[in-house]
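Work through the following exercises with the sequence and the model open beside you. Try each task before reading its solution.

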Protein chains: 2
Amino acid sequence: MLEKILRVNALYDFYQPLLTPKQQEYLDLYYLNDYSLGEIAEKCSVSRQAVYDNLKRAESTLEAFEEKLGLFRKYQARQVLLAAIRTCAAEWDNEGQAELDSVLKKLENLD
Amino acid sequence: MLEKILRVNALYDFYQPLLTPKQQEYLDLYYLNDYSLGEIAEKCSVSRQAVYDNLKRAESTLEAFEEKLGLFRKYQARQVLLAAIRTCAAEWDNEGQAELDSVLKKLENLD
């Protein structure tokens, strides 16, 4: 469950602007402010089921955007490459230079 | 005009998966394969005006996605940072290390 919460939060970071205001409101309340479904239902004057359905749809929408654009996947890949750059930079020599170059090429071709 | 063509092509690279199949087809023909509006109209058995309207809408949609996600803007910013990394790497010393570190931090915070 924690893993799912972390993933939805990460995808929300990347795709929030593409969601509807209502989807953003429910995700903010549920995932960022830790409201329960019942609390959101009461706050928004809708049924608990309606909140649940909207959250599920919003989560599917986020996964669909990730499937199409892969922003979170690319972000994670960039972090790996950046860590590699740091490693290269930490032990700098001619060999390290060549290694850094190859990392930079991968980074540049990422998107 | 060239500047506009280059921008639409760049935005299309980032947001193509979010466009409708028809939008993708018209943009492919017009911007990637250099078809004229008339040629696309004939190929797709629609009016020249319909092709024009669809292309305009597709271009607006691409700009709207860029307004929301800024993928092309972030990509350009990354390229600048990567060039800076290359410069740092080219003249490596302790001072260069500190400079490289600050560039990497910016790069990591980009998205």
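Copies are superposed by least squares on the C-alpha atoms of residues with pLDDT of at least 70 in both. This is a predicted model, in which local features need pLDDT of at least 70 and side-chain atom pairs count only at pLDDT 80 or more, while totals for chains, interfaces and linings use all residues. Residues are numbered from 1 along each chain as its sequence is written, chains are lettered from A in the order in which they are written, and side-chain values use heavy atoms, with hydrogens and water left out.

**Exercise 1.** Find the rotation and the shift that superpose chain B on chain A.

Solution. The superposition takes a rotation of 180° with 0.0 Å of shift along its axis, and the RMSD is 0.0 Å. That is the relation of a two-fold axis.

**Exercise 2.** Describe the interface between chain B and chain A.

Solution. Begin with contact, which means heavy atoms within 4.5 Å: 23 residues of chain B are in contact with 23 residues of chain A. Because 100% of the interface residues of chain B are also interface residues in chain A, the copies meet through the same surface.

Next, take the buried area, that is, the accessible area (1.4 Å probe) that two parts lose on being put together, summed over both. For chain B and chain A this is about 2300 Å², with 65% of it on carbon and sulfur atoms.

Then consider the helices (DSSP runs of H or I, at least four residues, numbered from the N terminus). On the side of chain B that touches chain A, helices H4 (48-69), H5 (71-90) and H6 (94-108) of chain B each supply at least two residues, and H5(B) gives the most, with 8 residues.

**Exercise 3.** Locate a salt bridge (a side-chain nitrogen of Lys or Arg within 4 Å of a carboxyl oxygen of Asp or Glu) within chain A, and count those between the chains.

Solution. The side chains of A:Glu59 and A:Lys56 form one, at 2.9 Å from N to O. Both residues lie in helix H4 (residues 48-69) of chain A, 3 residues apart, about one turn of the helix. Between chain B and chain A, however, the count is 0 salt bridges.
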